[in-house]
Amino acid sequence: MLELGFLVSWLFFILPFFTCLFFIINTTSYFTRKSSSSSTFNFPRCYPLIGSSLTLIANRNRHNQWITDILRHSPTGTFVLRRSLGFRQIITADPENVKHILKSQFSNYPKGELSTAILNDFLGTGIFNTDGDNWKFQRQISSHEFNTKSLRKFIEDVVKTELYDRLIPILSTTAEKNSVLDLQDILQRFNFDNICKISFGYDPGYLSTSFQRTEFAIAFEEATRLSSRRYSNIIPLVWKLKRVLNIGSEKHLREATSKVRGFAKDIVRQKKQELKEKSSLEATDLLSRFLTYDHIEDDFVIKIVISFILAGQDTTSAALTWFFWLISCNPKVEEKILKEINQTPEKPGYDDVKDMVYIHASLCESMRLYPPVPVDSKEAAGDDVLPDRTVVKKGMRVSYHPYAMGRMENLWGSDWMEFKPERWLERDKVTGKLSFMAKDSYTYPVFQAGPRICLGKEMAFLQMKMIVVEILRRFRVVPAKQDGFEPVYVSYLTSKMKDGFPVKIDQRNSSL
Ligand code: HEM
């Protein structure tokens with residue numbers, strides 16, 4: 001009944017709005033900005049009141065690809081997207097602008113109110129969704145989780161157990177039965193177990209032969225998906241209204257977040273008990289580390305830990321899904337990877353994987369084309385001018401676009417569309433040894449850059465390299481859908497392969 005009442009009142013609002021809109025479109029002139037570099041490319045048309053919303057809606061299923069087309073045709077690599085009601089968003093693929101936003105003028109570009117409001121119900125003021133001193137404090141404590149000692153422990157205890165006890169047996173069975181599995185789903189499960197162990201010291205056992213969906217993981221996925229849906233509302237008022245009325249997606253979001261919180265609360269209670277009983281317990285997970293601080297309330301700790309799970313959850317699985325797809329299309333790269341694997345010990349450790357430059361380069365190259373976080377936005381705290389002379393007004397949303405940046409000819413050359421790990425490598429003329437040549441982090445902001453650069457970058461590489469080595473050493477990953485299968489890149493908060501990545505697993509013979 002409440003929903004019906006809401007719909008009727010909503011229609012009363014929306015019908016006159018769209019009637020006006022139709023009138024405006026048909027009677028007022030619009031302008032189309034044309035690039036000096038391309039006379040054929042049509043920049044989005046912009047109308048009074050609704051801005052470029054029509055083109056935005058028309059491209060909603062290929063948003064990243066559409067923005068990339070625009071940025072590739074913009075003479076400066078920057079574009080001002082006019083949204084509805086006069087709201088403007090600057091989107092850039094210019095490394096100088098990225099450096100300005102993420103480093104030189106860092107304090108002028110916080111996450112801002114719009115973004116934090118969207119994620120507030122789910123993440124509260126956890127590290128991923130806060131600015132200023134609160135962010136600094138959380139970053140400082142969390143960074144202990146990423147020192148060399150912790151990373152070594154992570155590889156030896158967490159990754160290896162998940163790999164040898166769970167992932168490899170599942171892949172072996174799939175190979176024996178000649179069946180098909182969704183590699184994206186498997187990698188997400190792997191990742192979820194890992195990140196829960198790091199954050200909570202708790203193993204949800206999500207990757208298992210039964211492929212059962214645990215309640216916590218389902219609620220977490222749902223909360224992530226529904227929170228990110230708020231970003232795609234052309235008019236933010238819509239989700240805010242639904243939230244107040246507790247209907248539709250907002251009702252589901254409330255249920256999902258309360259399940260996640262309830263679950264996290266139980267774990268905090270158990271962990272506190274554990275810490276009380278074993279006063280000398282070494283704080284090895286993030287939760288224990290925060291709980292050893294006085295005057296921090298449980299609710300605050302819960303928000304930090306949930307933020308952490310979100311930050312590390314789907315990123316490495318997204319990166320690896322696209323990596324294995326690219327490898328299956330590029331047998332020469334696979335050969336070189338196998339050569340590198342052949343030179344490492346049977347069960348490699350932290351130091352072995354750290355030094356694997358060809359795999360490292362292949363992962364970077366794969367994330368250039370398919371970054372796990374395709375776009376990142378800030379909000380201008382004050383008026384400013386970007387290095388390319390784009391004028392920024394206080395309150396504007398300013399975004400940089402790693403997906404588009406990985407596809408810019410001026411940054412990567414005319415062969416930007418090729419998957420070429422060699423562009424990250426240099427061979428020493430005397431020794432013949434390959435070494436990795438990092439790009440500057442503003443040209444390649446896949447992990448963000450500057451003071452807020454991803455805390456888990458090194459951990460992510462270690463984990464991904466370990467998985468690549470141990471999978472490719474034993475198996476060949478073959479897409480189940482052959483002939484002309486073209487996966488589709490979609491993004492929520494992180495990127496995904498639409499409809500998953502169904503694969504067959506072929507056992508390799510032992511000589512590689
Ligand atoms: C391929 C894997 C990964 C990629 C591409 C990636 C990328 C990113 C990006 C783009 C951000 C900035 C987000 C923003 O502020 O809007 C970020 C932040 C962060 N990442 Fe990652 N990430 C990865 C893996 C991980 C892992 C495995 C962890 C933890 C175990 C992690 C922990 C964090 C944290 C805590 C932040 C917040 C840092 C801050 O705001 O100071 N990330 N990451």
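This is a predicted model: local features need pLDDT of at least 70, side-chain atom pairs count only at pLDDT 80 or more; totals for chains, interfaces and linings use all residues.
Through its SG atom, Cys 454 is the only protein donor of the iron atom of the ligand, at 2.3 Å. The UniProt record, an unreviewed entry, lists Cys 454 under "binding site".

| Residue | Relative accessible area | Class |
|---|---|---|
| Cys 454 | 33% | partly exposed |
| Cys 364 | 4% | buried |

A search of the whole structure for disulfides finds zero. For Cys 364, the closest cysteine sulfur is that of Cys 454, and because the two sulfur atoms are 13 Å apart, they are too far from each other for a bond; a disulfide would need them within 2.5 Å.

Another part of the model is built from strands S1 (residues 78-82) and S2 (residues 88-92), which run antiparallel and are joined by five bridges. Within this pairing, Leu 81 stands opposite Gln 89 in S2. The two strands, S1 and S2, form a hairpin with five residues between them, and Leu 85, which sits in the turn, has a positive phi of about 55°. Four of the five residues of S1 are buried, and therefore strand S1 is largely enclosed by the rest of the structure.

How values were computed
Residues are numbered from 1 along each chain as its sequence is written. Side-chain values use heavy atoms; hydrogens and water are left out. Donors are N, O and S atoms within 2.8 Å of the metal (3.2 Å for Na, K and Ca); water is not among the atoms, so sites may look incomplete. UniProt positions are given in the numbering used here, feature names are shortened, and annotations may be inferred rather than shown by experiment. Buried means under 20% relative accessible area, exposed over 50%, partly exposed in between (1.4 Å probe, protein chains only). Two strands pair if DSSP finds at least two bridges between them.
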